[in-house]
Amino acid sequence: MELSTAAWMVHDTRLMLCVLLAIASIIVLISATKLPPFLSILIGTFIAGVGAGLPPEEVAKAFSKGAGAILGEAGIIIALGSMLGALMAESGAADRIATTLLGLGKGKSLPWVMALVAMVIGLPLFFEVGLVMMVPIIFVMAKRSNQPLLKIAIPALAGMTTLHALMPPHPGPLIAVGALHADLGLTMLLGFCLAVPAVILAGPIYGNWLSKRLHVDEPADIGALFSAPPKAPRQPSFGVSLLIILLPVILMLGSTLAKVALPAESTVGLTLKFLGEPLIALGLAVIAAVICLGWAAGMPRAEVGNTLRKALAPIAVLLLTIGAGGGLKQTLLDAGVSQTISKVAEGAHMPYLLLAWLIAVALRQATGSATVATTTTAGILAPMMAGLAATQSSLVALAIGAGSVFFCHVNDAGFWMVREYFGLQLKQTIWVWSVLQTIVSVVGLVGTLLFWHFLT
């Protein structure tokens, strides 16, 4: 038994060293040798997998499985979002929304308006869906207002990612609520109270500070796609433009309400759940945009079709990079990273909130998945939390959500989406995305600790 325990300790140590070596290799390959991220991540995956003891053919299978899973989940959504964004740009809908928002907030108040809009759009949407919908608005707003791109983009990113981490019905917080038997309504209330200061600090305040120190030019391909001058003979009204961009939000919010308020097998409930699937909701939004923003606005059908096709080329590199990140994540999971961190966590003795946050941080750093970090952490802690009060269980669930977004880096799909959409270098992406998420994570931890002290 002692030999077995010693052998496992050697394996765990070797595995974590291989993970660190793989991440370091990816960073060096991208920044020093200038290899494409897809190829760099592929090389790093084999370094981690083979070094951890997996046969090379198993590493290849794990990489293919993980890449296919993430592209099947996010790839089509990104493609549909790109089509929607291109139609909104070329029809003038994005320009119409930007003009209205500029009327609501000018100068210093504009980042605050962007953060609020992102929170509204991001409330029922997965982060990936919200981002592809917000990108065309971000580009047009930055150009029309003559503001630095990061000053507009960072508040929007903060608004969406904060809700994704701290607010049910997003998958992470919802999984933690279920595993810990926490009260959903109370968790949503406390999560919103945490989200507001997190968005303020990570969004307008951090965005204003960083935009003065880090200059980022609009990326050529995607910038040209989403900032194209309107081609439609008649610009759509603000109401129609807003309805198109909010259609996925409405459909997904309807699905969420159906799960909470309607019988599982009711016809209305099943219909709302179907319409609220991200793929269906965004697909319907694209069809609505073709009809309302394209044909109804006088754009020739050939021009609308050309716009949709043109939207796909600039995201090819993004899709490959995201797929590679999914392959790396799956390889690390197959190598046993989650089990290694779980064993270390089970022997730790510290306050519940700090323990929950640290376990989620470690799992997110190792696996690149907020869902894996949340699910595993909640599973580890559930037996210990059986006697907690409702408020305490909700705060533990929120601490897990906060930890799951700490300093997301090269094994995170969102990292590569932000890098490619905004044309950033690796170091710039760390400042824009990794640091932003760290602010959200730390604010979430501090907020839960304060709530624990005053409310329990």
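Colleague: In this predicted model, which residues of helix H18 are buried?
Modeller: A residue is called buried when its relative accessible area is under 20%. In H18, this description applies to Ala370, Val372, Ala373, Thr374, Thr377, Ala378, Ile380 and Leu381.

Colleague: What distance does H18 reach from its first C-alpha to its last?
Modeller: Helix H18 covers residues 370-381, which makes 12 residues. At 1.5 Å a residue, a span of 16 Å is expected. The model comes close to this expectation, with a reach of 16 Å.

Colleague: Which helix supplies the largest share of the lining of the largest pocket?
Modeller: The largest pocket has a volume of about 640 Å³, and 33 residues line it. Several helices each supply at least two of the lining residues, among them H18, H20 and H21. The largest share, six residues, comes from H3.

Colleague: Which residues lie nearest the centre of the largest pocket?
Modeller: By class, its lining has 14 nonpolar, 14 polar and five charged residues. Nearest the centre are Ile70, Glu73, Glu128, His164 and Thr371.

Colleague: Is histidine 409 buried or exposed?
Modeller: Histidine 409 is found in the loop between helix H19 and H20. Its relative accessible area is 10%, and the limit for a buried residue is under 20%. Histidine 409 is therefore buried.

Colleague: Which residue has its backbone oxygen reached by the side chain of histidine 409?
Modeller: The side chain of histidine 409 reaches this oxygen at 3.2 Å. The oxygen belongs to the backbone of glutamine 365.

Colleague: How far apart are the end C-alpha atoms of H19?
Modeller: Helix H19 has 14 residues, and at 1.5 Å a residue these should span 20 Å. The model agrees with that expectation, so the end C-alpha atoms are apart by 20 Å.

Colleague: How many residues of H19 are buried?
Modeller: The buried residues of H19 include Gln392, Leu395, Ile400 and Gly403. The helix is mostly covered, and of its 14 residues the number buried is 12.

Colleague: In which helix is the confidence of the prediction highest?
Modeller: The mean pLDDT of the chain is 88, and 97% of its residues reach 70 or more. Confidence is lowest in helix H10, at a mean of 76. It is highest, at 96, in helix H21.

Terms used: Residues are numbered from 1 along each chain as its sequence is written. This is a predicted model: local features need pLDDT of at least 70, side-chain atom pairs count only at pLDDT 80 or more; totals for chains, interfaces and linings use all residues. Side-chain values use heavy atoms; hydrogens and water are left out. pLDDT is the predictor's confidence in each residue, from 0 to 100. Helices (H or I, at least four residues) and strands (E, at least two) are DSSP runs, numbered from the N terminus. The expected span of a helix is 1.5 Å times one less than its number of residues. Buried means under 20% relative accessible area, exposed over 50%, partly exposed in between (1.4 Å probe, protein chains only). On a 1 Å grid over the protein atoms alone, a cavity is a set of points where a 1.4 Å probe fits but cannot get out, and a pocket is an open set with protein on both sides within 12 Å along at least five of seven lines; lining residues have an atom within 4 Å of a point. Grid points are joined across faces, edges and corners, and a volume is the space filled by probe spheres set on the points. Ala, Val, Leu, Ile, Met, Phe, Trp, Tyr, Cys and Pro count as nonpolar, Asp, Glu, Lys and Arg as charged, and the others, Gly among them, as polar. A polar contact is a pair of N or O atoms within 3.5 Å; within protein, one must be able to donate a hydrogen and the other to accept it, and residues adjacent in sequence count only if both atoms are side-chain atoms.
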